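Visitor: I would like to go through this model and ask what stands behind each label. Please set each value against its rule.

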Amino acid sequence: MIRRLLYHEIDFEKYTLCLENAVQRKYSATKTFLDITSDKKWELLVYNDYEAVMPVPYVFKSGIKIVHNPMLCQQLGVFSKEDHVEINELFLNFLEKNYLIRIYAFNEFNQFKSSLKSKKNFLILPENYETVYAKYSPKRKRKLRLDEDIVNNSETKEITFGEAEYFIKENFIGASKEEDIHSFILIFKKMFEEGCLKFSAFYLNRRIINVIATYFDEHTVALLGTFNDKDSVKISGASVLIDSCIKQNIETKIFDFEGSEIPNVEEFFRGFRPELRPYHLIEYSKKDIIKKLLSLKFIMKR
């Protein structure tokens, strides 16, 4: 029932058709997004004739293929016209039986009989902006009311990758290694060149103090990064940028905050009163991977 296809074996026309008609559709599973974030290191599990599909990204560690969601790719999972628990379980079982897995995240719609871990994500669904704004928390509305002096000496505008790059590097939080920051920047650059990523900046006294990176497709705007000058966070430029993006797009597109397990970031997102949309994932430690490697009879090295 389920077949494994290497990248060059995928019928991308059928894959895209299945994804676009799927009840679980996610921008992060599109070919463009996956190709950039994984550097084309992904393969596909297919149920029947693309009746349901499940992209599987991977990395190589010491020459061994290990399943791992790429940077900036929050959710993948099973995509089909209807979400079927039984079919999802088939994919889950196939994945766990035949792969070494570090982290694999399903999407918010995928339901399972198995008990899986979950993480939080936040969305605002398409609606009239005035209705969306009315739901903002009182604190968020206060933050958006800037002092007159700030209003008179500030502006927001879209900027290029080149204009954003230095600021992002200097204000990147959350990456533990220098090479991780480089990898994030490279992904941003490729997305910008592809025309699917925008950078918006908040200027105060002609100096950038906030930048947001947003991914766009036909159905979704996803907040892939928020970068702030640590000495200017009280000015709420990030709130202004996000609110402006919501205002421009929310009538026709989902606004995806991309979630966070960091308490202060979660609190910041919740101020916009998004819907909580948990998603499931499977995660194994390095020790678990080594144990499985020793016992796994069939390791995908094709």
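Visitor: What makes R142, K143, R145 and K234 a positive surface patch?

Guide: Lys and Arg count as positive and Asp and Glu as negative, while His and the chain ends are not counted. Patches are made of residues with over 30% relative accessible area and no salt bridge, like charges being joined within 9 Å and nonpolar side chains (Val, Leu, Ile, Met, Phe, Trp, Tyr) within 5 Å. The place of a charge is taken as NZ of Lys, CZ of Arg, CG of Asp or CD of Glu. Accessible areas come from the Shrake-Rupley method with a 1.4 Å probe, and for residues only the protein chains shown count as cover. R142, K143, R145 and K234 form such a positive patch.

Visitor: What are these values based on?

Guide: This is a predicted model, in which local features need pLDDT of at least 70 and side-chain atom pairs count only at pLDDT 80 or more, whereas totals for chains, interfaces and linings use all residues. Residues are numbered from 1 along each chain as its sequence is written, and side-chain values use heavy atoms, with hydrogens and water left out.

Visitor: Where is R142 placed?

Guide: R142 is in helix α5, residues 138–144. Helices (H or I, at least four residues) and strands (E, at least two) are DSSP runs, numbered from the N terminus.

Visitor: Why is E266 called buried?

Guide: Buried means under 20% relative accessible area, exposed over 50%, and partly exposed in between (1.4 Å probe, protein chains only). E266 has a relative accessible area of 12%, so E266 is buried. The residue belongs to helix α10 (residues 263–270). Leaving out residues up to four places away in sequence, E266 touches K120, F122 and S260; contact means heavy atoms within 4.5 Å.

Visitor: And why is K113 called exposed?

Guide: The relative accessible area of K113 is 64%, so K113 counts as exposed. K113 sits in the loop between β6 (101–105) and β7 (117–119). Not counting residues up to four places away in sequence, K113 still touches V85, E86 and E89. K113 and E89 are 24 residues apart along the chain, and their C-alpha atoms are separated by 7.1 Å.

Visitor: What puts E148 in the exposed class?

Guide: E148, at 63% relative accessibility, counts as exposed. E148 lies in helix α6, residues 148–152.

Visitor: Why is the pair K135 and E127 called a salt bridge?

Guide: A salt bridge is a side-chain nitrogen of Lys or Arg within 4 Å of a carboxyl oxygen of Asp or Glu. The N to O distance for K135 and E127 is 3.6 Å, and their side chains meet in a salt bridge. K135 is partly exposed at 44%, and E127 is partly exposed at 34%. By this rule the count comes to 20 salt bridges.

Visitor: Why are E165 and K169 separated by about one helical turn?

Guide: E165 and K169 are 4 residues apart in helix α7 (residues 161–170), so about one helical turn separates them. An α-helix has 3.6 residues a turn, so residues three or four places apart point the same way. The side chains of E165 and K169 form a salt bridge at 3.2 Å, N to O. E165 is partly exposed at 24%, and K169 is partly exposed at 42%.
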